[in-house]
Amino acid sequence: MQRKSLGVLYHYLQNKYGLKFSRESLPQSNISEKQRLWFRQLLAMIQPLKEIRRQRIAFMLNRDNPLFDIITSMVEENIQCIDLLQSHANQWQQLNKYQPTVVVSSPSALLMLAMTDEMKALPMLNKIVALGALLDPLDQQCIEKHLSVPLQQIYMHQNCIIASTCRYGTLHVNETNLELEKEWIDPVNKRFIPIITDFSSENSGKRYKLQNVFKAKTQACACKAPELALEKSEGHCEEIFYFPEKGSGKLKPFFPSFVRQAFMRYAHLIQDYQIIQLTLDRVQIALKGEIDERLFRQVKERLEDLFLMQHVDSPAIDFISFEERKVTDDQVRRMRRQFIM
Ligand SMILES: [Zn+2]
């Protein structure tokens with residue numbers, strides 16, 4: 001991904017990931033003991049609590065994020081909040097003065113920081129934490145390339161910590177604080193939609209279905225943690241395509257990771273993309289970057305190989321310009337199925 005102007009990048013990231021957390025479960029004031037405990041649990045995921053004192057942790061958050069109030073109310077010397085709503089120059093002034101060893105922020109803000117290359121002015125930095133939405137693999141690659149320090153992901157939904165990565169980069173479900181049920185959609189390959197009962201926050205006991213598909217790891221993680229290890233998140237349920245299986249005609253799911261895998265191969269050429277399944281036999285692709293006829297052909301051939309490998313009928317593939325891509329609501333998704341199953 002090439003450098004973009006900050007304004008354009010901010011707009012893109014705001015649409016793609018959103019920059020705010022839910023306010024439903026964490027009121028703006030009256031920080032309760034339960035919320036402080038919840039924050040301690042979050043800190044323990046970032047660093048073992050006995051080592052926290054040796055770190056200087058900067059949380060880069062919007063001032064109206066409920067987490068901002070919790071952190072500032074705790075008055076910890078080695079934890080500081082930096083407001084993302086203030087000017088970029090002020091953010092950098094604070095970061096430079098504070099010289100954090102750990103920076104925690106949303107995937108969108110981290111991607112923005114990575115793209116400006118200014119994190120290189122933070123020599124003490126030894127870890128960054130993407131907190132909130134799950135990172136798109138293309139964005140993760142970009143952050144890791146630019147920042148060159150270990151990246152941890154903590155996936156949260158409505159202030160519930162769903163999963164976090166261990167030192168081996170494996171995403172583990174936070175089974176200490178939540179109960180996980182699996183709605184299997186592809187049991188052979190261990191793909192399921194998680195149903196969560198959250199016991200960790202003000203939502204205690206609330207049960208709901210996530211709109212993400214997880215793929216469980218078939219082998220234990222090297223860290224030996226007992227919590228369920230995930231191979232990956234396959235993406236949002238709306239991102240799952242369906243095509244007729246060869247021979248039977250039965251509809252078979254085609255997971256976003258297959259498509260991402262195909263596009264990652266050309267990550268050095270493709271800045272951004274969108275792929276929409278219009279009908280059972282037609283998909284539409286918009287590419288942005290160093291695009292030419294050869295790349296169109298390569299992407300098409302790669303996808304056709306994937307359709308073949310998955311034993312589904314190959315749909316027709318149309319290419320459109322990136323400017324013509326579909327933005328149907330306030331969420332810009334790289335993949336979307338346009339019809340309801
Ligand atoms: Zn692990």
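Helices, which are runs of at least four residues, and strands, which are runs of at least two, are taken from DSSP and numbered from the N terminus. In these terms, histidine 311 of this predicted model is found in the loop between helix H9 and strand S17 (316-321). Histidine 311 has a positive phi of about 60° although it is not a glycine, and at 48% relative accessibility it counts as partly exposed. A second residue other than glycine with a positive phi is serine 148, for which the angle is near 50°. Serine 148 is placed in the loop between helix H7 (137-147) and strand S5 (151-157), and with a relative accessible area of 60% it is exposed.

The interior of the model was then considered through its nonpolar residues. In soluble globular proteins, nonpolar side chains tend to be buried together. The largest nonpolar core of this model has 30 residues, and Phe263, Ile275, Val299 and Leu303 are those with the most contacts inside it. Two or more residues are given to this core by each of strand S13 (241-244), helix H8 (256-264), strand S15 (270-279), strand S16 (282-289) and helix H9 (293-309). The largest share, five residues, comes from H9. The core also draws on both domains, with at least three residues from each of domain 1 (6-236) and domain 2 (240-337).

Helix H8, one of the elements that contribute to this core, is largely enclosed by the rest of the structure, because seven of its nine residues are buried. The buried residues of H8 are Pro256, Ser257, Phe258, Val259, Arg260, Ala262 and Phe263, and Phe263 is also among the residues with the most contacts inside the core.

Strand S11 (residues 212-216) is likewise largely enclosed by the rest of the structure, since five of its five residues are buried. In a regular strand the side chains alternate between the two faces of the sheet. In S11 both faces are covered, with Asn212, Phe214 and Ala216 buried on one side and Val213 and Lys215 buried on the other. The strand has pairing partners in S9 and in S12. Strand S9 (residues 191-198) runs antiparallel to S11 and is joined to it by two bridges, and here arginine 191 has lysine 215 of S11 as its bridge partner. Strand S12 (residues 229-236) also pairs with S11 in the antiparallel sense, over five bridges, and histidine 236 of S12 stands opposite asparagine 212.

Charged contacts were examined next. Side chains of opposite charge can pair when their charged atoms come close. With a salt bridge taken as a side-chain nitrogen of Lys or Arg within 4 Å of a carboxyl oxygen of Asp or Glu, the count comes to 14 salt bridges. In one of these, the side chains of arginine 207 and glutamate 181 meet with an N to O distance of 2.9 Å. Arginine 207 lies in strand S10 (residues 206-209) and glutamate 181 in strand S8 (residues 178-186), so this pair ties together parts that are 26 residues apart in sequence. Arginine 207 is exposed, with a relative accessible area of 52%, whereas glutamate 181, at 28%, counts as partly exposed.

A further salt bridge is formed by glutamate 238 and arginine 336, whose closest N and O atoms are 3.0 Å apart. Because glutamate 238 lies in the loop between S12 and S13 and arginine 336 in strand S18 (residues 335-337), the pair ties together parts that are 98 residues apart in sequence. Glutamate 238 is partly exposed at a relative accessible area of 34%, while arginine 336 is buried at 11%.

In another salt bridge, the side chains of arginine 334 and aspartate 272 meet at 2.8 Å, N to O. Arginine 334 lies in the loop between S17 and S18 and aspartate 272 in strand S15, so parts that are 62 residues apart in sequence are tied together. Both arginine 334 and aspartate 272 are buried. These residues belong to one network of salt bridges with shared partners, which joins Asp136, Asp139, Glu239, Arg260, Asp272 and Arg334; of its members, Arg260 is one of the buried residues of H8.

Leucine 251 has its place in strand S14 (residues 251-254) and is partly exposed, with a relative accessible area of 34%.

Terms used: Residues numbered from 1 in each chain as written. Predicted model: local features only at pLDDT ≥ 70, side-chain atom pairs only at ≥ 80, totals over all residues. Heavy atoms only, no water. Buried < 20%, exposed > 50% of the residue type's maximum accessible area, 1.4 Å probe, protein only. Pairing = 2+ DSSP bridges. Core = buried A, V, L, I, M, F, W, Y, C linked by side-chain atoms within 4.5 Å. Domains from an automatic or database assignment.
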